[in-house]
Amino acid sequence: MRVLRFVLRRLLQLVPVLLGVVILTFLLVRVLPGDPIKTILGPNASEADAAAARARFGLDQPLWQQFLDYLGGLVTGDFGTSIQSGGAVASEMAVRLGPTLELVVIALIIALVIATVLGIWSARRAGGAGDHTVRVGALVGNSVPEFWLGLVLILVVYSVLGWAPAPSGRVDPDTNLSLITGADLLDAALTANGPAFLSALHHLMLPVATLVIVIVAPLLRSVRASALEVLRSEAYTAAATHGLRDRLLLRGYLLRATLARLPALAALVFGFAIGSTVLIEYVFSWQGFGQWALRGLLFRDYPVVQASVLVIALLYVLVFLIADVVQAILDPRVRI
Amino acid sequence: MTLLAIEDLSVVIHGRGRQVAALSGVTLSVGSGEVVGLVGESGGGKSMVARSIVGLLPGGSQASGHVFFDGSDVLAMGRAELESFRGRGAAICFQNPRGALSPTRTVGRQLVDRLLTHQKLSPDQAREVAAELFESVGIRSPKRRLAAYPHELSGGMAQRVMISLATGCAPGLLIADEPTTGLDVTLTREILARFRQAADAEGRGVLLISHDLASIAEVCDRVVVLYAGTVVETGPVARVLTEPAHPYTRALLRSVPDLDGRPVAVTPGSMPLLREAPGSCPFAQRCTDSSERCTAERPMARLITGEWSTACFHPKTGSLAERVHGLDDIAHARHLEQAEYPLRIGEAPSGEPSGEIEAPGKAATTGGAPYRTEVVDAREVLRVEDAHVVYGSRFGGGGHHALRGVGLSVAAGETLGVVGESGCGKSTLARLMLGLQAPTRGRVEVAGRDLAKVRGAELRRLRTRVQLVFQDPIGSLSPRRTVADAIGEPLRAAGVPAAEREARVRAALERMELDASILERRPHELSGGQAQRVGIARALVGEPDLIVFDEPTSALDVTVQAQILKVIAEVTSDPSRGAVFISHDLATVRGFCDRVVVLYLGRIVEEGPVESVFGDPRHPYTRALLSSAPSLGRGFAGAGVTLTRDLEETDAARGCALAPRCPFSVPACAEREQELRDHGGSRVACHRAADIPGLIELIER
Amino acid sequence: MARTARTKERFASSLIVVGSAILITVVLAALFAPLLSSWGPEEIDPAASLAAPGGAHLLGTDLNGMDVWSRVLYAARLDLGVAVASVALAVVAGSLIGLVAGYRGGLLDDALMRVLDIFQAFPTFILALAVAALLGGGVANLIAVVALVNAPAYARLVRAEVRAIRDLPFVEAARTSGSSTWSVLWRHVLPNSLTPVRVIAPLNCGWAMLTLAGLSFLGLGIPTPEAEWGAMISLGAGDVVAGRWWTSVPPGLCLLICVLGFSLLGEGLQERADSKRR
């Protein structure tokens, strides 16, 4: 009950932030140079053609009128029509969001598990050779450009070893996967399409590996630092000097206290992963949300830009909200 | 039967580019059913002894010697052996109980963890035993408390839980590291009694570590005194307390101000930080009796009688109390600067301030130029009228009522003492006087002007008329600024030119008996005592009308505290300025204040001349504070009062704030607010004040 | 246990030494690029497009027939310069905002924090991407973009420090000494609130380089033919499938090493700060 009230209050607090985001993007995208009409008509279009196109997308209206129309649409779930493709933004986006979320969520789960295990392992051996190796490894992971790492993986695993499929597409078209959510693994599972499931897994291998390597580094560093702090805390020392056994110390006194500090960081890393996905999708021709939003930005496709910016902001703040709830569950000191 | 025998234990810690000899040849023992006190100032090595016993030495340390427990050497134990020894053999109660309880596990589970590890119990049995243990350490409604997380407990409650955790391991030896730090006097007694009980009823050995001999004296059988990592004296508590043989023990005991107002001795210098095991007596530099032999050779422990031994070539004899007024000591004092300054010797019969020896200037107090001719002759430097402070939550509602209608005034030449337990509003009152906190209601006047009515540069100027000396001496100095910057800050702000500033800073420094070489140092390079002298110099340099001392010695070691108290006594004797001395320690206030104000939960419950408040307290709370304060001397002479509950368990919604805890409360107490009324020389906020002495007699009979 | 204190110190020192050595080497290589290569960074060898390493071109040539080795060297100037400049800008702007907001509190603080909330409703790279796409590429714009997305974090960091320091005894001591607000801020609060900034700034330089290169990789940063690592990787991306490694692997490796230099340095400083605090 308390959690529900907290979530509702936080959702209410989000409204002004999101409204700010909506106003800011709406204005910025129009104030900054670049004209979406020119990009669809080409340089040789006449003034009359341009004016006609403008009228078609409602761009001839005064700014406040456009904004009200846009807001009105948002309330009913209508994100407008893409200037580039002429399709409804909402349905285009729905198809694109699935593959991207699938990539990010799978990578984040794998990274969290690796970071927790390795971070605690490393903290318990602080100062030893194993710990130093892990730490330098994490620093390298922190420093590697993900788009380049993707290319190197393609070069080695696909071009040289031939173990991975070609970096284009998310699933073998021969498997006749029917589209439901856009998240191919999920769709394959829902339709009980075995070959598609395997093919999707195969295609996910390299992009997920790339993303895991770059996001595991910050998580690992934090788990290690947090575990180290717990290990050095008086509370842990007290439990250890009272003769509690190793297993009990690990499970009862180290694990939860270590993870209690992590949710906010995990949310931050989620955002970092979304940023990285734009680059990784580009490298692997993933045809996900990132590539779609990027094209929208480049062509000044107003409705697409507005919608993608809003959705990313919403997603991000929701993840932070989830993180706060998880933190409150893990740490009894946090009141929500 | 000897349970623990430490033999010739030495610990050297190798740090970055330096090494510290934390312990050098320590020998001590604890038997079953015995409570042994381990005392000394910080840096003496008390905690290191505790850590060695459970094999918990810090990184980079090297230990030699033996720690025998039941015949086997802890230092030689392997990992597995050590694991089974910890807890069951010896268990520590940690100094900071809140920090030593795991924040993400209920205290009940933490206790059950220990019970299951060390005792053959089923989980159900363990839960029952846990509830019993909680009850036995004085936790009310134990079943409910088992499900609490540590952050939901008060400090006293957390300490009780910590004790139950340690005893839950069923150890042969219980080690308590400063178990009463940060607890109020009333609670301290109760906690210490638990340890005595563990020895008497359960037959455990107890090693009680404390910086304060007075507070643990009552429950100990024997004490061991540490100085610079060496044992200087060990023996039965009665002997060591009353007729200590080692000069350091004597210095330590006589540095502690006592409620009976006896004089305090000042020992110059501070404890050395040794690089290696000392080749001579580590106390020789500060000792009045040191001879050539003391600086050439290290004295080894020598038996005096029975269990009593000391490591000194010239052990002293005779009672500490008698020697205070002995001629030879006064001769020494003149000769060797180990000045005893009788802060107040003569017992003033009527509460009239008289008999100061150190402060002849005070006699002139009442003759000062009259600024106002109302209540006092002397110029009034501070007046607080009906001040309320509410720390509101940001969106209104609730809020913490820190002060509830406090009124007081301070005249030039006068020293006002403010005492009370933690949370009574002392610090808020200090901030109020400094203008750091505006009153929610009421007014604060400095030099006759209302702080709320001035603004900008004028306010800044007015503020400088009142200066504060802080509780945390090092924290009150800017970490990146030098001592010269710190002391000169008030002058800088007042626009004093650089040359004059330097001269005045040097003068202030000299007054504090500090060397000019300290000017270019930064706070982290200072000792606590030096930093506090710098803090006082900063407060003095601008020649303010009033200096507020907010617990100025509570973060300092005992011998350093005595030095600083002497400095403060000199500063407050100046007839041209007033002083406020805030402390939780009643004995230090008795030393040199003229009047005392006793605060309880944001209200003044008693106010009056120091002699009548301390000699004949009228309010039950004052009496309870006085009778529970630890004392090495005669202590509080009158009949005692014991409050019935912890402060944290009560809240004062209506009526007398003390009513829920007061043994004399009647229904009428809870019905109306108590106002301060005259009783003898004091003013007391208790409608039964006149009946209290009779009531006490009734109870005692 | 006995060795932890010293191994910790030694590890921190070696991190700092190796990190600094890497950065110094990169700076030297960038400065002396004309001496280290015989080709100009934008010089086209008409005889060679996508030539394999060896012969006239140490690391081969790219699609345009430009010398990869020479471009990798010259690119260090641009990447390092933009990263350091943008972080410096972010530190100064962010610290000032944080200082004022944290010390004054009240409405101003609330207003500034709400604006930062909007910024922080986006992952930083996404924000950089959006602003860069709308603003257009070029060195000056990129410095502004990277500074803009980083400044809020510094503002928050400094604000939190200031709020913690504001009520510490030594600040109250300065206030009761009669010092003016500016004097208290400048002499006591600011110097003590920048400690975490000092540690984070080097790490942040590395991240700024990755952002810059990432934007260029997507075509939003520095336009070709100017030599920049991210843009070079982008140009060589298509070659990877065909097994031609030399157009994209060397610039990425340089980027990795350079960022690693910053990371090692930052981690070493952090470790040292931690061990001092103990």
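Two residues are in contact if their C-beta atoms, placed from the backbone, lie within 7 Å. This is a predicted model, in which local features need pLDDT of at least 70, side-chain atom pairs count only at pLDDT 80 or more, and totals for chains, interfaces and linings use all residues. Residues are numbered from 1 along each chain as its sequence is written, and chains are lettered from A and ligands numbered from 1 in the order in which they are written.

**Figure 1. Contacts and burial in chain A.** Of contacts in chain A between residues at least 6 apart in sequence, 72% join residues at least 24 apart. Chain A has 336 residues, and 43% of them count as buried (20 or more other C-beta atoms within 10 Å of the residue's own, with C-beta atoms placed from the backbone). Along the principal axes, the C-alpha atoms of chain A fill a box of roughly 85 × 55 × 40 Å.

Figure 2. Chain A contains 14 helices and zero strands; helices are DSSP runs of H or I with at least four residues, strands runs of E with at least two, numbered from the N terminus. Mean pLDDT (the predictor's confidence in each residue, from 0 to 100) is 88 for chain A, with 99% of its residues at 70 or more. Where pLDDT is low, the predicted coordinates should not be read in detail.

**Figure 3. The contact of chain A with chain B.** Chain A gives 18 residues to the contact and chain B gives 26 residues. On the side of chain A that touches chain B, helix 10 (234–241) and helix 11 (246–259) of chain A each supply at least two residues.

Note on methods: Buried ≥ 20, exposed ≤ 12 C-beta atoms within 10 Å, placed from the backbone.
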